[in-house]
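Here is a short report on one model.

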Amino acid sequence: MNDVSPGKLTLLIGAAVTFVFSWFPWYSISGFGSDFSRNAWQSGTFPMATWAPVLAIVVGFVVAGQAFRFVDLPERIWEFTLDQVVLILSVFALLVTISYLIVDKGGASIGFGLILCFLGTIAMVAGFFMDTAGVGVNPNAANANPGFQQSGRQPGAPQGGQYPPAQTPPAQTPPAQTPPAQTPPAQTPPAPAPPTPPPGQEPPGQPGPGTF
């Protein structure tokens, strides 16, 4: 299944715009009846300006691989996760275009190619944060976009950091304890009766008749 969220789609469009319009004039000079222009791949701007479209190609490939899954991408590149790589390269491409917008151009004017590349790199950075924030993703969808790996958001999880309160399991009632059986008190056996003497014989210790 394709996993193209609005954030990923914005990032892919921005990368494509950056690459395509890097071939159009970044600077132009009009004079002496002729126009002179330079794009990101020509002498005067190469190789520093070329970093913007090159990084756009790399970022577009990584994001397209995540979205369309036509290639098995590693979880990490060196010590960086894929989402960290996408963010770093997108920001660097944006800084390259900004630097060529503010640098001293020596009388040359800014071409429309540089302006559109600048907008494309902005879309790349914005698309990353849109996808990380889950913009336009239905959390209840079966195939909801999990976003970039570092976002930590699981499919179907509520957005905005709001989660349903944890339910406390019902307290378990301890089983009733049966009181121990009471042992009846020990009974003292009755004292044995003294033996009865045979008839005509006095019991021992009793004086006979006529005895003093």
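Is W23 buried, partly exposed or exposed, by relative accessibility? W23 has a relative accessibility of 47%, so W23 counts as partly exposed. The structure discussed here is a predicted model.

**Aromatic pairs**

Nine aromatic pairs turn up in a search of the whole structure. One of them joins F19 and W23: the ring planes stand at 85 degrees, so this pair is edge-to-face. The cut-off for that class is over 60 degrees. F61 and F70 also form a pair, with planes at 75 degrees, so edge-to-face applies here too. The table sets out both geometries.

| Ring pair | Centre distance | Plane angle | Class |
|---|---|---|---|
| F19 and W23 | 6.4 Å | 85 degrees | edge-to-face |
| F61 and F70 | 5.8 Å | 75 degrees | edge-to-face |

D83 belongs to helix α3, which covers residues 82-102. D83 is buried, yet has no salt bridge. Which side chain of opposite charge is nearest to D83? That side chain is R76, 7.8 Å away. A salt bridge needs a side-chain nitrogen of Lys or Arg within 4 Å of a carboxyl oxygen of Asp or Glu. D83 does have a polar partner: its side chain makes a polar contact of 2.4 Å with the side chain of T81.

Terms used:
Residues are numbered from 1 along each chain as its sequence is written. This is a predicted model: local features need pLDDT of at least 70, side-chain atom pairs count only at pLDDT 80 or more; totals for chains, interfaces and linings use all residues. Side-chain values use heavy atoms; hydrogens and water are left out. Helices (H or I, at least four residues) and strands (E, at least two) are DSSP runs, numbered from the N terminus. Buried means under 20% relative accessible area, exposed over 50%, partly exposed in between (1.4 Å probe, protein chains only). Lys and Arg count as positive and Asp and Glu as negative; His and the chain ends are not counted. A polar contact is a pair of N or O atoms within 3.5 Å; within protein, one must be able to donate a hydrogen and the other to accept it, and residues adjacent in sequence count only if both atoms are side-chain atoms. Rings of Phe, Tyr and Trp (its six-membered ring) pair if their centres lie within 6.5 Å; planes under 30 degrees apart count as stacked, over 60 as edge-to-face and the rest as tilted.
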